[in-house]
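Here is a short briefing on one protein model and its ligand. Take a look at the structure, then read the points by topic.

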Amino acid sequence: MTDLTDQVAIVSGASRGIGRAIALLLALQGAKVVAVARSQAELNELTHKTQGLGIVADIADEEDARHVVAETLRQFGRLDILVCNAGVGSFNELEHFSAAEWDRMFDTNVKGTFLLCKAAVPHFKARKRGHIVGIASDVARRTFAHGTAYGASKFAQDAVLASLRKEVRPHGIKVSTIYPGLVDTYFNDTTPGSAEAEKTHLRPADVAQAVRYVLEAPAHVVVDELMLHPLTQEW
Ligand code: NJP
(Lines give C-alpha, C1' and ligand atoms only; values in the text may rest on other atoms or scores of the structure.)
Protein backbone atom coordinates (compact mmCIF):
# COMPACT_ATOMS: atom_id res chain seq x y z
CA MET A 1 0.00 0.00 0.00
CA THR A 2 1.14 3.56 -0.63
CA ASP A 3 1.41 5.51 2.62
CA LEU A 4 -0.04 9.02 2.29
CA THR A 5 1.87 10.38 5.28
CA ASP A 6 3.74 13.56 4.26
CA GLN A 7 2.66 13.23 0.63
CA VAL A 8 2.11 16.70 -0.85
CA ALA A 9 -1.33 16.89 -2.48
CA ILE A 10 -3.03 19.71 -4.38
CA VAL A 11 -6.83 19.48 -4.28
CA SER A 12 -8.74 21.87 -6.55
CA GLY A 13 -12.26 22.93 -5.64
CA ALA A 14 -11.57 22.32 -1.97
CA SER A 15 -13.69 25.13 -0.52
CA ARG A 16 -16.79 22.91 -0.33
CA GLY A 17 -18.44 19.70 -1.51
CA ILE A 18 -16.36 16.77 -2.75
CA GLY A 19 -13.05 18.65 -2.82
CA ARG A 20 -13.38 19.71 0.80
CA ALA A 21 -14.08 16.09 1.83
CA ILE A 22 -11.03 14.90 -0.15
CA ALA A 23 -8.82 17.55 1.46
CA LEU A 24 -10.00 16.61 4.96
CA LEU A 25 -9.54 12.87 4.39
CA LEU A 26 -6.06 13.23 2.87
CA ALA A 27 -5.03 15.48 5.77
CA LEU A 28 -6.34 12.85 8.18
CA GLN A 29 -4.04 10.32 6.47
CA GLY A 30 -1.12 12.63 7.16
CA ALA A 31 -0.82 14.27 3.73
CA LYS A 32 0.26 17.90 3.33
CA VAL A 33 -2.76 19.34 1.57
CA VAL A 34 -2.77 22.40 -0.69
CA ALA A 35 -6.42 23.44 -0.95
CA VAL A 36 -7.36 25.49 -4.01
CA ALA A 37 -10.53 27.48 -4.74
CA ARG A 38 -11.67 31.07 -5.32
CA SER A 39 -13.30 31.53 -1.89
CA GLN A 40 -10.81 32.80 0.67
CA ALA A 41 -13.01 32.50 3.78
CA GLU A 42 -13.90 28.84 3.16
CA LEU A 43 -10.27 27.99 2.44
CA ASN A 44 -9.21 29.68 5.69
CA GLU A 45 -11.73 27.61 7.63
CA LEU A 46 -10.53 24.42 5.92
CA THR A 47 -6.78 25.01 6.32
CA HIS A 48 -7.36 25.66 10.00
CA LYS A 49 -8.53 22.01 10.14
CA THR A 50 -6.00 20.48 7.71
CA GLN A 51 -3.01 22.51 8.92
CA GLY A 52 -2.11 22.73 5.23
CA LEU A 53 -1.90 25.52 2.70
CA GLY A 54 -4.78 27.38 1.03
CA ILE A 55 -4.31 29.07 -2.32
CA VAL A 56 -6.98 31.32 -3.78
CA ALA A 57 -6.96 30.67 -7.50
CA ASP A 58 -9.20 30.41 -10.53
CA ILE A 59 -8.10 27.16 -12.16
CA ALA A 60 -9.42 28.32 -15.53
CA ASP A 61 -6.73 31.01 -15.55
CA GLU A 62 -3.32 29.82 -16.80
CA GLU A 63 -1.32 32.15 -14.55
CA ASP A 64 -3.33 31.04 -11.50
CA ALA A 65 -2.89 27.35 -12.34
CA ARG A 66 0.88 27.83 -12.77
CA HIS A 67 1.01 29.76 -9.50
CA VAL A 68 -0.74 26.93 -7.60
CA VAL A 69 1.94 24.43 -8.60
CA ALA A 70 4.86 26.88 -8.26
CA GLU A 71 3.75 27.98 -4.78
CA THR A 72 3.33 24.33 -3.69
CA LEU A 73 6.86 23.54 -4.86
CA ARG A 74 8.20 26.68 -3.13
CA GLN A 75 6.54 25.80 0.18
CA PHE A 76 7.00 22.02 0.22
CA GLY A 77 9.80 21.34 -2.26
CA ARG A 78 7.82 18.75 -4.19
CA LEU A 79 4.39 17.62 -5.37
CA ASP A 80 3.18 14.01 -5.14
CA ILE A 81 -0.55 14.17 -5.87
CA LEU A 82 -2.79 16.41 -7.99
CA VAL A 83 -6.55 16.06 -7.54
CA CYS A 84 -8.43 17.85 -10.35
CA ASN A 85 -11.81 18.14 -8.71
CA ALA A 86 -13.04 21.72 -9.24
CA GLY A 87 -16.02 21.79 -11.55
CA VAL A 88 -19.27 23.59 -12.32
CA GLY A 89 -22.47 22.61 -14.04
CA SER A 90 -25.97 23.67 -14.94
CA PHE A 91 -28.73 21.93 -16.83
CA ASN A 92 -31.12 23.27 -19.44
CA GLU A 93 -32.60 22.80 -22.88
CA LEU A 94 -29.91 23.52 -25.46
CA GLU A 95 -31.54 26.68 -26.83
CA HIS A 96 -31.68 28.25 -23.37
CA PHE A 97 -27.95 27.95 -22.68
CA SER A 98 -25.99 31.16 -23.20
CA ALA A 99 -22.60 30.89 -24.88
CA ALA A 100 -21.17 32.34 -21.67
CA GLU A 101 -22.59 29.47 -19.60
CA TRP A 102 -21.14 26.96 -22.09
CA ASP A 103 -17.76 28.69 -21.72
CA ARG A 104 -17.97 28.68 -17.91
CA MET A 105 -18.39 24.89 -17.89
CA PHE A 106 -15.70 24.19 -20.48
CA ASP A 107 -13.27 26.72 -18.96
CA THR A 108 -13.58 25.19 -15.50
CA ASN A 109 -14.11 21.49 -16.19
CA VAL A 110 -11.93 20.98 -19.26
CA LYS A 111 -9.45 23.86 -19.44
CA GLY A 112 -9.03 23.91 -15.65
CA THR A 113 -8.09 20.23 -15.62
CA PHE A 114 -5.76 20.75 -18.61
CA LEU A 115 -4.03 23.77 -17.05
CA LEU A 116 -3.40 22.16 -13.66
CA CYS A 117 -2.04 19.00 -15.30
CA LYS A 118 0.10 21.09 -17.66
CA ALA A 119 1.62 22.90 -14.69
CA ALA A 120 2.25 19.72 -12.67
CA VAL A 121 3.38 17.18 -15.29
CA PRO A 122 6.92 18.55 -15.92
CA HIS A 123 7.64 18.20 -12.18
CA PHE A 124 6.18 14.69 -12.11
CA LYS A 125 8.22 13.70 -15.19
CA ALA A 126 11.43 15.02 -13.63
CA ARG A 127 10.79 12.87 -10.56
CA LYS A 128 9.53 9.88 -12.58
CA ARG A 129 6.53 9.64 -10.26
CA GLY A 130 3.29 11.42 -9.41
CA HIS A 131 -0.41 10.69 -9.24
CA ILE A 132 -3.15 12.69 -10.94
CA VAL A 133 -6.72 11.99 -9.86
CA GLY A 134 -9.52 13.52 -11.92
CA ILE A 135 -13.05 13.82 -10.62
CA ALA A 136 -15.10 13.35 -13.78
CA SER A 137 -18.69 12.09 -13.62
CA ASP A 138 -20.81 9.14 -14.67
CA VAL A 139 -22.15 11.55 -17.30
CA ALA A 140 -18.73 11.33 -18.95
CA ARG A 141 -20.04 7.87 -19.93
CA ARG A 142 -23.70 8.50 -20.74
CA THR A 143 -25.84 11.24 -22.24
CA PHE A 144 -29.02 12.75 -20.83
CA ALA A 145 -31.55 15.45 -21.73
CA HIS A 146 -30.56 18.96 -20.54
CA GLY A 147 -26.91 17.89 -20.34
CA THR A 148 -25.60 19.15 -23.68
CA ALA A 149 -23.09 21.54 -22.10
CA TYR A 150 -22.21 19.83 -18.83
CA GLY A 151 -22.16 16.33 -20.33
CA ALA A 152 -19.99 17.48 -23.23
CA SER A 153 -17.57 19.15 -20.82
CA LYS A 154 -17.29 15.97 -18.74
CA PHE A 155 -16.76 13.80 -21.86
CA ALA A 156 -14.00 16.25 -22.86
CA GLN A 157 -12.41 16.31 -19.39
CA ASP A 158 -12.47 12.49 -19.39
CA ALA A 159 -10.71 12.47 -22.79
CA VAL A 160 -8.02 14.85 -21.52
CA LEU A 161 -7.32 12.53 -18.58
CA ALA A 162 -7.47 9.32 -20.66
CA SER A 163 -5.05 10.68 -23.29
CA LEU A 164 -2.73 12.00 -20.60
CA ARG A 165 -2.80 8.59 -18.89
CA LYS A 166 -1.26 7.04 -22.01
CA GLU A 167 1.30 9.86 -22.38
CA VAL A 168 2.66 9.79 -18.87
CA ARG A 169 2.45 6.11 -17.95
CA PRO A 170 5.94 5.45 -19.41
CA HIS A 171 7.23 8.16 -17.05
CA GLY A 172 5.95 6.34 -13.98
CA ILE A 173 3.04 8.76 -13.51
CA LYS A 174 -0.40 7.45 -12.62
CA VAL A 175 -3.69 8.99 -13.83
CA SER A 176 -6.87 7.79 -12.13
CA THR A 177 -10.32 8.98 -13.12
CA ILE A 178 -13.26 8.80 -10.71
CA TYR A 179 -16.81 8.72 -12.10
CA PRO A 180 -19.35 9.48 -9.36
CA GLY A 181 -23.11 9.46 -9.73
CA LEU A 182 -25.21 11.90 -7.72
CA VAL A 183 -23.38 13.49 -4.78
CA ASP A 184 -24.96 15.70 -2.13
CA THR A 185 -22.99 18.96 -2.49
CA TYR A 186 -23.50 22.62 -3.39
CA PHE A 187 -23.26 21.69 -7.09
CA ASN A 188 -25.46 23.77 -9.43
CA ASP A 189 -26.51 26.03 -6.51
CA THR A 190 -28.10 23.23 -4.50
CA THR A 191 -27.94 23.03 -0.72
CA PRO A 192 -26.78 19.71 0.69
CA GLY A 193 -28.16 17.91 3.73
CA SER A 194 -31.84 17.38 2.85
CA ALA A 195 -33.57 14.21 4.06
CA GLU A 196 -34.40 13.37 0.43
CA ALA A 197 -30.79 13.67 -0.76
CA GLU A 198 -29.68 11.44 2.08
CA LYS A 199 -31.67 8.64 0.42
CA THR A 200 -30.75 9.40 -3.19
CA HIS A 201 -27.19 10.78 -3.19
CA LEU A 202 -23.66 9.77 -2.26
CA ARG A 203 -22.00 11.83 0.47
CA PRO A 204 -18.85 13.80 -0.46
CA ALA A 205 -16.99 11.55 2.00
CA ASP A 206 -17.91 8.50 -0.14
CA VAL A 207 -16.09 10.01 -3.11
CA ALA A 208 -13.19 11.01 -0.86
CA GLN A 209 -12.85 7.35 0.21
CA ALA A 210 -12.69 6.35 -3.47
CA VAL A 211 -9.88 8.87 -3.98
CA ARG A 212 -8.08 7.50 -0.94
CA TYR A 213 -8.42 3.98 -2.34
CA VAL A 214 -6.82 4.84 -5.68
CA LEU A 215 -4.04 6.84 -4.01
CA GLU A 216 -3.22 4.07 -1.56
CA ALA A 217 -2.80 1.45 -4.29
CA PRO A 218 0.68 -0.11 -4.16
CA ALA A 219 3.36 1.58 -6.29
CA HIS A 220 3.08 -1.08 -9.02
CA VAL A 221 -0.73 -0.76 -9.30
CA VAL A 222 -2.73 1.98 -11.01
CA VAL A 223 -6.50 2.17 -10.71
CA ASP A 224 -7.23 3.70 -14.10
CA GLU A 225 -10.96 4.20 -13.59
CA LEU A 226 -13.38 3.93 -10.71
CA MET A 227 -17.15 4.46 -10.93
CA LEU A 228 -19.45 4.73 -7.93
CA HIS A 229 -23.17 5.38 -7.48
CA PRO A 230 -25.70 5.56 -4.71
CA LEU A 231 -27.47 2.20 -4.60
CA THR A 232 -30.74 3.97 -5.42
CA GLN A 233 -29.43 5.51 -8.65
CA GLU A 234 -30.01 3.51 -11.79
CA TRP A 235 -26.99 3.10 -14.03
O1 NJP B 1 -19.61 20.87 -6.36
P2 NJP B 1 -19.56 22.12 -5.36
P3 NJP B 1 -19.11 19.35 -6.19
N4 NJP B 1 -11.39 27.74 -9.83
O5 NJP B 1 -20.26 23.21 -6.10
C6 NJP B 1 -14.66 25.03 -6.96
C7 NJP B 1 -18.15 16.63 -10.04
N8 NJP B 1 -19.39 15.87 -9.89
O9 NJP B 1 -18.29 19.16 -4.99
O10 NJP B 1 -14.00 28.60 -6.39
C11 NJP B 1 -11.20 27.13 -8.65
O12 NJP B 1 -20.03 21.75 -4.01
C13 NJP B 1 -15.59 25.67 -5.96
O14 NJP B 1 -14.93 26.66 -5.19
P15 NJP B 1 -15.04 28.26 -5.37
C16 NJP B 1 -18.28 18.04 -10.54
O17 NJP B 1 -18.42 18.10 -11.94
C18 NJP B 1 -20.34 16.26 -9.01
O19 NJP B 1 -20.28 18.47 -6.41
O20 NJP B 1 -14.72 28.76 -4.02
N21 NJP B 1 -12.15 26.44 -8.01
C22 NJP B 1 -15.93 24.50 -5.07
O23 NJP B 1 -14.93 24.31 -4.10
C24 NJP B 1 -16.97 18.63 -10.07
O25 NJP B 1 -15.96 18.38 -11.01
C26 NJP B 1 -21.52 15.52 -8.88
O27 NJP B 1 -16.43 28.55 -5.84
C28 NJP B 1 -13.36 26.38 -8.59
C29 NJP B 1 -15.93 23.32 -6.04
O30 NJP B 1 -15.21 23.75 -7.21
C31 NJP B 1 -16.67 17.87 -8.79
O32 NJP B 1 -17.54 16.75 -8.77
C33 NJP B 1 -21.71 14.40 -9.67
C34 NJP B 1 -13.64 26.98 -9.82
C35 NJP B 1 -17.33 22.88 -6.43
O36 NJP B 1 -17.98 22.45 -5.29
C37 NJP B 1 -16.89 18.67 -7.51
O38 NJP B 1 -18.20 19.23 -7.51
C39 NJP B 1 -20.73 14.03 -10.56
C40 NJP B 1 -12.59 27.69 -10.45
N41 NJP B 1 -12.76 28.32 -11.62
C42 NJP B 1 -19.58 14.77 -10.65
N43 NJP B 1 -14.94 26.76 -10.14
C44 NJP B 1 -22.64 15.89 -7.94
N45 NJP B 1 -22.42 16.85 -7.02
O46 NJP B 1 -23.72 15.27 -8.03
C47 NJP B 1 -15.46 26.01 -9.14
O48 NJP B 1 -20.96 12.96 -11.33
N49 NJP B 1 -14.52 25.79 -8.20
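The model is predicted. The points below start at the ligand, then turn to single residues in loops, helices and a strand.

**Ligand site**

- The space that the ligand takes up is the largest pocket.
- The shell around the ligand holds 30 residues, of which Ser39, Ser137, Tyr150, Pro180 and Thr185 come nearest.
- By class, the shell splits into 15 nonpolar, ten polar and five charged residues.
- Two helices, helix 1 (17-28) and helix 5 (148-168), each give the shell at least two residues.

- Lys154 uses its side chain, with a polar atom 2.9 Å from an oxygen atom of the ligand.
- The ligand taken alone exposes 900 Å², and the protein buries 96% of that.

- Most residues other than glycine have a negative phi.
- Gln51 has a positive phi, near 60°, and is not a glycine.
- Is Gln51 buried or exposed? Its relative accessibility is 65%, and exposed means over 50%, so Gln51 counts as exposed.
- Lys128 is another residue other than glycine with a positive phi, in this case near 55°.
- Lys128 sits in the loop between helix 4 and strand 5.
- Lys128 has a relative accessible area of 64%, so this residue is exposed.

**Two loop glycines**

- Gly130 lies in the loop that runs between helix 4 (99-127) and strand 5 (131-135).
- Gly130 is buried because its relative accessible area, 10%, is under the 20% cut-off.
- From Gly130 to Val68 the separation is 62 residues in sequence and 16 Å in space, C-alpha to C-alpha.
- Gly30 belongs to the loop between helix 1 and strand 2 (32-37).
- Gly30 has a relative accessible area of 27%, between the cut-offs of 20% and 50%, so it is partly exposed.
- Gly30 and Gln7 are 23 residues apart along the chain, and their C-alpha atoms are separated by 7.6 Å.

**Helix 4**

- Asn109 is part of helix 4.
- Asn109 is buried, because its relative accessible area is 0%.
- Which partners does the side chain of Asn109 have? One is Val88, whose backbone oxygen is 2.9 Å from a polar atom of the Asn109 side chain. Another is Ser153, whose side chain makes a polar contact of 3.0 Å with that of Asn109.
- Lys125 also belongs to helix 4.
- Lys125 has 34% relative accessibility, so this residue counts as partly exposed.
- Lys125 and Ile173 are 48 residues apart in sequence, with 7.4 Å between their C-alpha atoms.

**Strand 2**

- Val36 is in strand 2.
- With a relative accessible area of 1%, Val36 is under the 20% cut-off and therefore buried.
- Val36 and Asp3 are 33 residues apart in sequence, and their C-alpha atoms are 23 Å apart in space.

Technical notes. Residues are numbered from 1 along each chain as its sequence is written. This is a predicted model: local features need pLDDT of at least 70, side-chain atom pairs count only at pLDDT 80 or more; totals for chains, interfaces and linings use all residues. Side-chain values use heavy atoms; hydrogens and water are left out. A residue is near a molecule or strand if one of its heavy atoms lies within 4 Å of it. A polar contact is a pair of N or O atoms within 3.5 Å; within protein, one must be able to donate a hydrogen and the other to accept it, and residues adjacent in sequence count only if both atoms are side-chain atoms. Accessible areas come from the Shrake-Rupley method with a 1.4 Å probe; for residues, only the protein chains shown count as cover. On a 1 Å grid over the protein atoms alone, a cavity is a set of points where a 1.4 Å probe fits but cannot get out, and a pocket is an open set with protein on both sides within 12 Å along at least five of seven lines; lining residues have an atom within 4 Å of a point. A molecule sits in a cavity or pocket if more than half of its atoms lie within 2 Å of its grid points. Helices (H or I, at least four residues) and strands (E, at least two) are DSSP runs, numbered from the N terminus. Ala, Val, Leu, Ile, Met, Phe, Trp, Tyr, Cys and Pro count as nonpolar, Asp, Glu, Lys and Arg as charged, and the others, Gly among them, as polar. Buried means under 20% relative accessible area, exposed over 50%, partly exposed in between (1.4 Å probe, protein chains only).
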